[in-house]
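Biologist: Could you take me through part of this structure?
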Amino acid sequence: MALKEKQVLFNINNDGASSEHKLLLRNIQLRDYPDMVEIMSQVYSNIGDALWVEEDVQNLLKIFPEGQICIEDKGKVVACALCLIVDYKKYGDNHTYQQITGNYKFSTHDPDGDVLYGIDLFIHPAYQGMRLGRRLYDARKEMCENLNLESIVAGGRIPGLAKYADNMTPRSYIDLVKSKDIYDPILSFQLSNDFHVKKILTNYLPSDNESMAYATLLQWNNIYYEEKEKLIGGVKSVVRLGVVQMQLRNVPSMEAWLSNVEFFIDAVSDYKADFILFPELFNAPLIGQFNEENAAMAMRKLAGFTEELVQRFVEYALSYNINIIAGSMPLYRDGDLYNVSFLCRRDGTWDSQYKLHITPDEKNYWGVSGGNKLKVFDTDIGKIGILICYDVEFPELTRILADKEIKILFVPFMTDTQNGFHRVHHCAKARAIENECYVAIAGSVGNLPRVTNIDLQYAQSAVYSPSDFSFPNNAVIAEATPNTEVAIIADVDLSLLKELNVKGSVRNLKDRRKDLYELRWIKK
């Protein structure tokens, strides 16, 4: 893939003629070698045997012509960047310059490798300060992304080290450069271009006396990198969600209720959705046959359906090829009543997340107990989390899940008033922003006459995103009409979360002051 030539004109006279510079970013050609020698002889005057001979450049252009780039000014080359593609695991982090370049003959170049390795970058002294290095680095990054390579790696000289060698270690020197207490002409520039120091290399370039043969092993990660896709069964970057805002209505039997549920699963799966989310306690209509009992006993009898319903949802997930978050249902176990959400995967497996924080009404009317485990679920699209209603109002839980790299949080909820809904709504939106993830919420609407504590419902189900340029201005991917039975279908792009984490206007996960505070799970 040849580099697309990019021209820049500046310093325009009043008559419109270009007066000083005409820059062009392009691939190097062999005829550029005399200009390259002129630059190298000035830049590397303090390093022995640092100049590439014409045969070296010819060899580079033969094996990887698109990887060798330059900037010319009115036809004269003034800056160059040279690189290879390597299979990095063959060399690892402990290598020398001689090893990574194949004894300077570039036998290490591998078109099927995974890393773009920067072997040189030099700029004519008369052009230093014009940020040409940034242009070359940006071109390398573009190349890395277009070639779908995992990262750019380079061994960086630290020419300022020799001046401080008597009173500090290389590590201390690098730390002071990072904190901007010391300026290093190469390392400071590399850090400002989003490279990070992986380690310190010793004896990397023995002839580099200014760096005392030390170098920094630098890396820039390509957030768009995707492992080569499998022909079938690959991981998606765009995930389709179905969120059901379900109406609670009296039903004569479990089969009648399941018929309504299956209708939504069938309809949403027709849209090739990857997930369908139902509301909290969405099987509550089945409690109607027990409403002669007191509320606590009726809920325990409702729990008697749960085991069979889970099995039915596993069957639906398989037959409709969709991952089902079966809202939540009561589970009676070892004398305690729990509120539990079930994840039924389309591969036939299932798992569960217990509600951890129990509302006062749940305790008072039904005697519900809280669970004590917070899970991250692996699925065929990546890691997800589930928090049931009240749990999303506790930001610590979502942060713990985010630290374990969930991309989507599913929140089944049940609220009877607008006040209750807005607690869930605002907290869910906050969780998406704080934790750089998508949050889908699903609630019930309608009413169940004469059913204690589930008689009235208010909901506006939705899918929320972080708030940045790549996402909707109001951070809402999709939302339902309030208090209406409906299913919403929405696509969420997981690759945008990678970009947000690295390039976002603000970076909530990265910018945490871990030197001041920490969050940890206590329960073993």
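Modeller: What follows covers a sheet and the helices beside it. This is a predicted model, where local features need pLDDT of at least 70, side-chain atom pairs count only at pLDDT 80 or more, and totals for chains, interfaces and linings use all residues. Residues are numbered from 1 along each chain as its sequence is written, and side-chain values use heavy atoms, leaving out hydrogens and water.
Biologist: What is the strand order in the open sheet of 6 strands?
Modeller: The order is β16-β17-β18-β19-β21-β22, with mixed pairing. Strands are DSSP runs (E, at least two residues) and helices are runs of H or I of at least four, numbered from the N terminus; two strands pair if DSSP finds at least two bridges between them.
Biologist: Which strands stand at the edges?
Modeller: β16 (377-379) and β22 (476-479) do, each with a single partner strand, so one side of each has no neighbour in the sheet.
Biologist: How many bridges join β17 to β18?
Modeller: There are 3, between residues 382-386 and residues 408-412, and the two strands run parallel. I384 is opposite I408 in β18.
Biologist: Turning to helices, at what angle do α11 and α12 pack?
Modeller: α11 (residues 395-403) and α12 (residues 418-435) pack at about 35°, with axes 10 Å apart. Axes are lines fitted to C-alpha atoms, for helices over the stretch in contact, and angles run from 0 to 180 degrees between N-to-C directions.
Biologist: Which residues meet there?
Modeller: P395, T398, R399 and A402 in α11 meet R431, E434 and N435 in α12, where contact means heavy atoms within 4.5 Å.
Biologist: Which strands does α12 lie across?
Modeller: α12 lies across β19 (438-442), β21 (462-464) and β22, at about 160° to β19.
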